[in-house]
Amino acid sequence: MNYNIAVIPGDGIGPEIVAEAEKVLNKVGKKYGHEFTYTEVLMGGVSIDAHGVPLTDGALETAKKSDSVLLGAVGGIVGKDKWYELPPNLRPEAGLLAIRKGLGLFANLRPAYLYDELKEACPLKENIARQGFDMMVVRELTGGLYFGERKTEPVNGVMTATDTLQYNENEIRRIARKGFEIASKRRKNVISVDKANVLDSSRLWSKIVREVAVEFPEVTLTEMLVDNCAMQLVKNPAQFDVILTENMFGDILSDEASMITGSIGMLPSASLAEGKFGLYEPSHGAAPDIAGQNIANPIATVLSAAMMLRYSFDLDKEADAVENAVRKVLEDKYRTIDIMSDGCKQVKCDKMGDLIADRI
């Protein structure tokens, strides 16, 4: 099979880590008989330097015509890079918001997995970390409190701010289906997180999620209030498979889930549209302070490419091969500087990419 991938190296360490993900994809293609064609797209600070805007219409069209998008990172250092002297709508991160909207990306996937070899970095108690965990937060990305009507105005002489949390049943149904589809590829358990004891939006969320659950009889549905979920993530993270939730709850819970792994530099993410199209990126930022030094950790980007294989291209066997290759490299005690520990062998960014590719 042939796949066309729009590649956005972006800023900072982006070009370095994307190059290693391409290296791994090329090895997958060679072994399994696929061809990956890459079209580079400018976004973020590099696009501002070249075109005056963080994302051009042409770049967005190129991304739309691809089968999927692989992103490195965008952004610089506030107060240091000239990009942040511009209005907010022209800064690097505005390109990310624009491409999400332009591509119709409504589902954000944030896995959190604790590698046996990195359990010492987990901030939880040893008896909890010893059990391990492997979860996926499926977050609705285009609705809810962040996108509702908002205003700040005087009310009876007092300045008052109002933010509106709104969801309709179609928005809930499509993200619920995505969550159940993903659970079908994993351990077949969905925990739907809401605040149905207080919020009307959550009561509608719960109703629609239950309706969708009927379409997936092989998947078990459990419902959990968001405050309890936040507690359970640090008390018993091993219980979670897929966490399905709305925008703001997902924003908070996915960051909590990433922190209990102890290393955000290891975590991939995906933002999906209707059908199979998606944008895949590491959860970490552009780290401009270490750019060009060949010391960045490319594993999160490599694992983002594995998510692309699984969720956009339905190449589960190939995705497994990439994920297993990462595990083997860690088992062999190779580390980039950010995850280095005693008794391990420190390697550069490009060497880590070589090691992973060699194990596919």
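Author: Helices (H or I, at least four residues) and strands (E, at least two) are DSSP runs, numbered from the N terminus; in these terms Val 18 belongs to helix α1, which covers residues 14-32. The model is a predicted one, in which local features need pLDDT of at least 70 and side-chain atom pairs count only at pLDDT 80 or more, while totals for chains, interfaces and linings use all residues. Residues are numbered from 1 along each chain as its sequence is written, and side-chain values use heavy atoms, with hydrogens and water left out.

With a relative accessibility of 2%, Val 18 counts as buried (under 20% relative accessible area with a 1.4 Å probe, protein chains only, whereas exposed is over 50% and partly exposed lies in between). Apart from its neighbours within four places in sequence, Val 18 is in contact (heavy atoms within 4.5 Å) with Val 7, Ile 8, Pro 9, Leu 70, Leu 71, Gly 72 and Thr 301. Pro 282 lies 264 residues away from Val 18 along the chain, yet the C-alpha atoms of the two are separated by 9.8 Å.

Two strands pair with β12 (pairing requires at least two bridges found by DSSP). Strand β3, residues 68-73, runs parallel to β12 and is joined to it by two bridges; here Leu 70, one of the contacts of Val 18, has Tyr 280 as its bridge partner in β12. Strand β11, residues 268-272, is instead antiparallel to β12, and five bridges connect them, with Leu 279 of β12 as the bridge partner of Ser 271. Five residues separate β11 from β12 in the hairpin that they form, and in its turn Gly 275 has a positive phi of about 75°.

The strand also takes part in the lining of open space: β12 is among the elements that each supply at least two residues to the lining of the largest pocket, the others being β3, α4 (92-102), β4 (107-113) and α9. A pocket here is an open set of points on a 1 Å grid over the protein atoms alone, with protein on both sides within 12 Å along at least five of seven lines, and lining residues have an atom within 4 Å of a point. This pocket holds about 660 Å³ of space (the space filled by probe spheres set on the points, which are joined across faces, edges and corners). Its lining comprises 27 residues, of which Leu 96, Leu 97, Arg 100, Arg 139 and Leu 141 are the closest to its centre. Helix α4 gives the most to that lining, with five residues. By class, the lining divides into 11 nonpolar (Ala, Val, Leu, Ile, Met, Phe, Trp, Tyr, Cys and Pro), eight polar (the others, Gly among them) and eight charged residues (Asp, Glu, Lys and Arg).

The second largest pocket has a volume of about 410 Å³, and among its 19 lining residues Asp 134, Arg 186, Arg 310, Glu 323 and Arg 327 are the closest to its centre. Its lining has 11 nonpolar, one polar and seven charged residues.

Conventions:
On a 1 Å grid over the protein atoms alone, a cavity is a set of points where a 1.4 Å probe fits but cannot get out, and a pocket is an open set with protein on both sides within 12 Å along at least five of seven lines; lining residues have an atom within 4 Å of a point.
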